[in-house]
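The following exercises are to be worked with the sequence and the three-dimensional model at hand. Each task is followed by a stepwise solution.

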Amino acid sequence: MASGNKSIYEPLDYSRTEIRLLWIKSEPGERPMRVELKRRSLDGQRWFALSYVWGSLSSEEKLLVNDGIEFEVGSNLMEALTELDKNMLFRRKLWIDAICINQQDNAEKRNQVRLMSRIYKQASGVLVWLGPADNDSSLVFKLLKTMADELEKNPAINQEILPGFYSESWLAKPEYGEIASRFSYDDIFAPIHDLFYRRPYWTRVWTFQELSLSRFGPFSSFLCGSDMLTCLDLLKVIGWKAKRKNKKSVFGDINPRIGSLVHTMMAGESPWSLFSYATLELPNCQGPPWNVESRNLVLIVQQTAAKRQANDPRDKLFGLAGIVDLGIDVNYDMSVSRVYRDFAVYQIGTVDNLSFFLEYAGVSRSSPRLMLPSWTPDWDFVSKESLRVWRGVTHGNPYSANKGMEKTSSRVVSGDILELPGVICDTVQDVMTFLSDVSDTSQERDTRALSFLFGCSIAEAIKNLTSGRIGVYKTGIPMLQAIFRTYCQDKHPINKALRLDVSNPTFDSEAAAFLRLLASLKLHEDIISSVQEREDVTLSLLERLVKDQHSAATSSPPSISDVFQRSGQIFDSWDSILNAATLQINEGFLSNLAEPSVIEQSPFSRYKLQPLRTRQGYIGYARATVHAGDIVCASSASSMPFVLRRQQNGYRFVSNCFLLGFMDGEVKSGLDSGAFELETFSIY
């Protein structure tokens, strides 16, 4: 920002697609640094684009621009300029957003953000500033450069992964002496991970777009303090390391048109998670910006918003405008609320399943200052926790609550009202709210949730089961099966895009795990502390449960249908379930916590959702924002039921909802029979 009343900016000629470029004019090391800004057309020019984190803007660092006008810059940018000042190649024709764009002119920002893809694609090189050097970063750069040189000299290493390469003897070579003395063979990649995953650079929205748009030519480089590593050298090592793990090369496994480095390094805990859901669409798209299918666009925004930060909340969306078509205008004259709402309107008009989009909306899920409609996600509010919930609950989404329903159109009227045709399925009668205290452990959450669903303690539930008082659910299946299906989200344990199928060979193992869980939770209630005692008593309880289900009047083994089967179908005997449970216990299931998938995906202990019961006796779960008296609805526009809250003149959207008995097209049957009536919800 310029000091005083003088401006360093001359207006850009948008008709010539002009940008500003920076020349360092002072002598190397001279302070304050003198720079000059010049207007240049994008056509016929070459420049270096700097990619960096703005960092703190409270710095007192100053540049002298053009005729000596003081201009304040952040400390991180000043450190980057100090290093670039030492290299004659990088002292001219630099594009740096904080200086080359007039940040006080919204119209100019709008124009320049639209040109961002060209600025980074057409650059001679992209210079990635990771920040100052630390104790390990110089050695990491030296290691990577040495490895890249060796891979270049010996292509056979890259092609065949010769035995002994990258081994302790390999590190014993003289050129690795300093590195080997600092890092052991086992942990040599840990500091690389720290440098290329954990630095603040990797946490920002804009740096993701900048790397995505880069061509990674011979001049593109990573800078850390005074150390430099070309992107091509880094990619050699990354590609080789992927092959060592018997994976496809990083370059071929993920769409190369987005940029290999993006998928290798940009997604936090997983090298390719950020765009993994859009990969199938992107290779056939023209761009950037890529016009991806609406559902994948939601996933891209969702993961970016959860994992990456921006000083301006609007940039959670605008920061992606150069790589994907957001369907909205980049306009900094619009408020945050307007930007988020316009994106929601675009999504509602294009997405074929609102359940994915609405997963991030709802009452109490946005900043009160924004005053967003309840159907509009607050992308600045999305967290890594909500991303984890999405992966466990909405991801895969094998549900079809809207199956058979005639397609109806939703629309937004008067700016803030979503008119959504649908039906009222039931009313929430009771919900169980978990403790917010950290002492509310996974066992305690599962114990309380299952007790709520059974309507009694776990001990009483087991007693009822072993005495034959199983009960029947609203849909006609045994109550134990209904609770089991609700507990594991009625999903296949491995492929979450499939429903739980009692005819699948894995069903016996999953059912056994659930019975073992009940026995274990019963012991948790009894506060039995000995692991061996837990295993012995758990097995005893399971044997008694199976034995008591067996009728003395028949010599055939008891059928799983007694407690899990859909009416009229016969599946494996209880013997197979007991054998599976026994095997789990004998393999140290309790002691080594090698939990089966049915327990790993508990919506209550793992994803912090709360169980609910409706007035008609259906069970399910939703987010903790659901209250008694809320209504459960279904619409042809959503594959999952959802919860609305009545208010004056309309409704508020609360949460997506799982309600067993309304996940497979039952609403269509209710409409045909006259049990349900189609109406239009006005959602504010």
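Contact means heavy atoms within 4.5 Å. The model is predicted: local features need pLDDT of at least 70, side-chain atom pairs count only at pLDDT 80 or more, and totals for chains, interfaces and linings use all residues. Residues are numbered from 1 along each chain as its sequence is written, and side-chain values use heavy atoms, with hydrogens and water left out.

**Exercise 1.** Determine the surroundings of Glu210, leaving aside its neighbours within four places in sequence.

*Solution.* Step 1: locate the residue in helix 10 (residues 205-213); helices (H or I, at least four residues) and strands (E, at least two) are DSSP runs, numbered from the N terminus. Step 2: list the contacts of Glu210, which are Ser51, Tyr52, Asp97 and Tyr120. Step 3: examine polar contacts, that is, pairs of N or O atoms within 3.5 Å; within protein, one must be able to donate a hydrogen and the other to accept it, and residues adjacent in sequence count only if both atoms are side-chain atoms. The side chains of Glu210 and Ser51 make such a contact, at 2.5 Å.

**Exercise 2.** Which residues have the most contacts inside the largest nonpolar core?

*Solution.* Step 1: apply the definition, a set of buried Ala, Val, Leu, Ile, Met, Phe, Trp, Tyr and Cys residues joined through side-chain atoms within 4.5 Å. Buried means under 20% relative accessible area, exposed over 50%, partly exposed in between (1.4 Å probe, protein chains only). Step 2: within this core of 113 residues, Trp95, Ile99, Leu130, Phe196 and Trp379 have the most contacts. Helix 5 (residues 137-153) supplies the largest share, seven residues. Step 3: a further core of 56 residues lies apart from it, including Val423 and Phe676. Step 4: beyond four places in sequence, the contacts of Trp379 include Val301, Lys316, Tyr340 and Phe357.
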